[in-house]
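Reader: Hi! Could you walk me through this structure, one topic at a time?

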Amino acid sequence: MEKVFVSQHPLIAHKLGILRDKNTEHQKFRELVKEIAGLLAYEVTADLLTEPVQVETPLAVTSCVVLKEKVGLVPILRAGLGMVEGFWGFIPSAEVWHIGIYRDEHTLKPVEYYNKLPTEPTVSVCLILDPMLATGGSASATVDVLKRWGVKKIKFVGLIGAPEGIAQLHKKHPEVPIHLASVDVRLNDIGYILPGLGDAGDRQFGTA
Ligand code: PRP
Ligand code: URA
């Protein structure tokens with residue numbers, strides 16, 4: 001599907017296998033989420049715009065570039081939090097704007113509970129971070145929030161996507177690129193991704 005980018009990087013595939021394993025403990029799980037996010041950050045930011053600057057080396061003045069765009073990382077609470085450090089390692093100047101959304105376990109609809117965005121946008125590019133794209137409700141609602149905020153360039157970055165969630169996000173926001181480490185098979189009857197990795201929030205925070 002156009003605008004859907006699934007990483008082919010062997011390191012990401014290797015780490016994702018360990019992440020999925022039900023025997024992987026919370027601390028290791030958190031490390032892996034951070035590491036995979038960092039590897040995805042490298043791919044996701046490949047089209048960031050730069051502008052020229054002059055830099056003085058110890059020997060001469062030379063032409064270099066700096067990032068032109070102001071990047072906002074937008075983790076969806078809770079599970080998206082674990083991806084922030086991976087991205088921040090590469091883009092330390094990024095602002096982090098948290099959006100609190102949980103999925104009602106009966107209706108599977110997104111419920112917004114935290115949003116402290118100021119009136120005017122302070123960034124030009126937003127990277128939404130959430131490990132799981134299941135029905136696509138939480139991701140679509142977050143894009144709605146960011147569009148209302150006035151951000152023009154938005155990308156979604158996840159670890160695992162279900163075909164149902166990818167289709168839903170793409171249908172609601174066709175211009176938003178979707179970056180994933182894997183596209184899985186389908187949702188089960190309670191909206192969990194198969195084979196997936198279980199509950200990404202609980203596995204990070206030890207709350208299962
Ligand atoms: C999980 C996950 C996504 C959402 C995906 O969050 O981190 O935000 O579900 O499901 P969807 O695509 O069907 O909306 P959850 O609601 O479990 O909250 P948590 O991160 O606080 O555990
Ligand atoms: N949220 C999760 O954490 N895991 C899933 O499989 C679906 C939604």
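**A chat about the model**

Author: Happy to. The place of Arg78 is in the loop between β4 and α3 (81–88). Keep in mind that this is a predicted model.

Reader: Good to know. What is the peptide bond from Leu77 to Arg78 like, cis or trans?

Author: The bond joining Leu77 to Arg78 is cis, and its omega is near -5°.

Reader: And which form does the peptide bond from Leu194 to Pro195 take, cis or trans?

Author: That one is cis, with omega near -5°. Pro195 sits in the loop that runs between β15 (193–194) and α6.

Reader: While we're on the backbone, what is phi of Lys3?

Author: Phi of Lys3 is near 75°, which is a positive value in a residue other than glycine. Lys3 belongs to the segment before β1 (4–6).

Reader: Let's switch to helices. How do the axes of α1 and α2 cross?

Author: Helix α1 covers residues 10–20 and helix α2 covers residues 26–44; their axes come within 10 Å and cross at roughly 155°. An angle over 145 degrees counts as roughly antiparallel, so α1 is roughly antiparallel to α2. The crossing of these two helices, α1 and α2, is left-handed.

Reader: Which residues make the contact?

Author: On the α1 side they are Leu11, Ile12, Lys15, Leu16, Ile18 and Leu19. From α2 come Phe29, Leu32, Val33, Glu35, Ile36, Leu39, Leu40 and Glu43. Sorted by class, the contact of α1 with α2 has eleven nonpolar residues, three charged ones and no polar ones.

Reader: Nice. How do α2 and α3 pack?

Author: Their axes are 7 Å apart and the angle is about 50°. That makes α2 oblique to α3. The crossing of α2 and α3 is right-handed.

Reader: Which residues in α2 meet which in α3?

Author: Val33, Lys34, Ala37, Gly38, Leu40 and Ala41 are the ones in α2, and they meet Gly82, Met83, Glu85, Gly86 and Phe87 in α3. The contact of α2 with α3 divides into six nonpolar, three polar and two charged residues. Val33 and Leu40 of α2 are also listed in the contact with α1.

Reader: One more pair, please. At what angle do α4 and α5 pack?

Author: The angle between α4 and helix α5 (residues 163–172) is about 20°, and their axes lie 8 Å apart. The two helices, α4 and α5, are therefore roughly parallel to each other. The crossing of α4 and α5 is right-handed.

Reader: And which residues meet there, in α4 and α5?

Author: Ala139, Ser140 and Val143 in α4 meet Gln168, Leu169 and Lys172 in α5. By class, this contact of α4 with α5 has three nonpolar, two polar and one charged.

Reader: Which residues lie nearest its centre?

Author: Tyr102, Arg103, Ser138, Tyr192 and Asp199 lie nearest the centre of the largest pocket, out of 27 residues that line it.

Reader: Which elements give two or more residues to the lining?

Author: For the largest pocket, the strands are β4 (71–77), β6 (99–103) and β9 (132–133), and the helices are α4 (137–149) and α6 (200–205).

Reader: How do the lining residues divide by class?

Author: The lining of the largest pocket has 15 nonpolar, seven polar and five charged residues.

Notes:
Residues numbered from 1 in each chain as written. Chains lettered and ligands numbered in written order. Predicted model: local features only at pLDDT ≥ 70, side-chain atom pairs only at ≥ 80, totals over all residues. Heavy atoms only, no water. Axes fitted to C-alpha atoms, helices over the stretch in contact; angles between N-to-C directions. Helix = DSSP H or I, 4+ residues; strand = E, 2+ residues; numbered from the N terminus. Parallel < 35°, antiparallel > 145°, perpendicular 65-115°, else oblique. Left-handed = near helix turned anticlockwise from the far one by under 90°. Contact = heavy atoms within 4.5 Å. Nonpolar A, V, L, I, M, F, W, Y, C, P; charged D, E, K, R; others polar. 1 Å grid on protein atoms, 1.4 Å probe; cavity = no way out; pocket = protein on both sides within 12 Å on 5 of 7 lines; lining within 4 Å.
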